[in-house]
Amino acid sequence: MKRLQRNPDIVWRVEKRRQQAVLDRLEAGEETEDEGTVILLISGMMHQLNLLGGMIWNLCDGHRTLEHIVTELLQEFDVERDLLQTDIQTFIDDLIERGWLSYDQSTD
Amino acid sequence: MTNPLTEQFSAPLTFNWSLSYRCNFTCSHCYSREEECDELSTPQLKQIVDVLVKHQIPFINFGGGEPLLRPDLYELTTYAREQGLNISMNSNGWLLDAAAAEKISTAGFRSVGISIDSADADLHDDFRIRPGSFDKAVNALDVLADAGVRTTMSSVISRINYRQFHDLLDLARKYRVPQVYLHNFKCSGRGFKNRQELDLNPQEWKEFYVEALKVKEETKDLLISFDDPVIASLPGYADNSLVKGSSCGKLSLNLRPNGDITPCGFIPLVVGNILRDDFEEIWYNSPILNKMRNKEAKGKCQGCGAYEDCLGGCTARAFATTGDLSEPDPHCWK
């Protein structure tokens, strides 16, 4: 099982009010892709993740595989599974490349 | 990745927390030496940690006063670490021997800063009015490094050291310190009383920062950090700060030993108490914090091209010398 886990050295936080504002705007049909809802503090620099990125990040808790994450987020977004899986895989590959996520290869 | 966050954060990222104003030193520039304040019990301190966890405030930096004078420091730190908070501390190093370093390591401190004012032992001791304090401070750096604790060196720039800051950097290298903070001089407490003797004039500040920024750019083996918004207009200033102007009230808040919250340790305006008041109400609606976040250019700041970057410089210094949060920083050379 390849479970996804966050780099434990990264300090992060959900910006709750901003997340709620983004959810409200999404509900109203507005574009929110560039709006940060999760902040990551890495080596004194701040980075942000948008709503989908923040949700993925939140689920990378060392207990879930990619498939688990896709299944959970399918309940939140009205899209085809293959499309969502591709988007999530691309995002995760980017963060693994940056060293912010990794796969836990240990078995149960 | 997304656009820069321009709206207010949902909570500060750091609480600078004085558990006590008691100290075993009486330094000439200290902001808190003449402060008196009730201290809280260990259960009350843990309640504060719970509040910080609830509001997802990730960093605590203990200062003071000397944090190591509180015997429950390790218990409190362990409690905070267990809940995922990141803890650091500033100390004068006097009480920090090998046994203390091991306790600090076990308690999970992320880093410990030791205050050193001069690489000249006699000058440091004179300034701290405590013979032997230099030797204790550098020994603290050594035993912390031996215990695997990341160290930093904190040096408040003043008339006694501004021409010799290179020596402070060499001292850091000698004692395996990866990061040096060259702090700006605050006109608070004894720093206010002794500012004629210790503070630089604006032109001297400019000359110091121009050189120090150049050295920072050229230095690869040591991280050199500043915390002075007045430098935002200088060449070599890398704009990687999360906010413009002073970070107080935007990224950080200060906790006094009785739980009172102030925007920073150098601004004695209480905006609420963390145990008695609703934290979100303070954070979002404090008139003082909102005034600091929305400063209006006054005096020579009006029409100055640097204002949008420095936002008037250090708000604490402006307040200390004029009583007005929006007045220009007295260190400004423009």
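**Two open sheets in a predicted model**

Strand E1 (residues 14–18) of chain B and strand E2 (residues 59–63) of chain B run parallel and are joined by 5 bridges, where two strands count as paired if DSSP finds at least two bridges between them, and where strands (E, at least two residues) and helices (H or I, at least four) are DSSP runs numbered from the N terminus. This is a predicted model, in which local features need pLDDT of at least 70, side-chain atom pairs count only at pLDDT 80 or more, and totals for chains, interfaces and linings use all residues. Residues are numbered from 1 along each chain as its sequence is written, chains are lettered from A and ligands numbered from 1 in the order in which they are written, and side-chain values use heavy atoms, with hydrogens and water left out.

Within this pair, B:Thr14 stands opposite B:Phe59 in E2(B). The two strands belong to an open sheet of 10 strands in chain B, ordered E7-E6-E5-E4-E3-E2-E1-E8-E9-E10, with mixed pairing. Strand E7 (223–226) and strand E10 (272–273) of chain B each have a single partner strand, so one side of each is left without a neighbour in the sheet. Helix H5 (residues 133–146) of chain B packs on this sheet, touching strand E4 (111–115) and strand E5 (151–156) of chain B, contact meaning heavy atoms within 4.5 Å.

In chain A, 3 strands form an open antiparallel sheet in the order E5-E1-E6, with E5 (61–65) and E6 (101–104) of chain A at the edges. Strand E1 (residues 3–6) of chain A pairs with E5(A) over 2 bridges, and A:Gln5 has A:Asp61 as its bridge partner in E5(A).

Note on methods. Axes fitted to C-alpha atoms, helices over the stretch in contact; angles between N-to-C directions.
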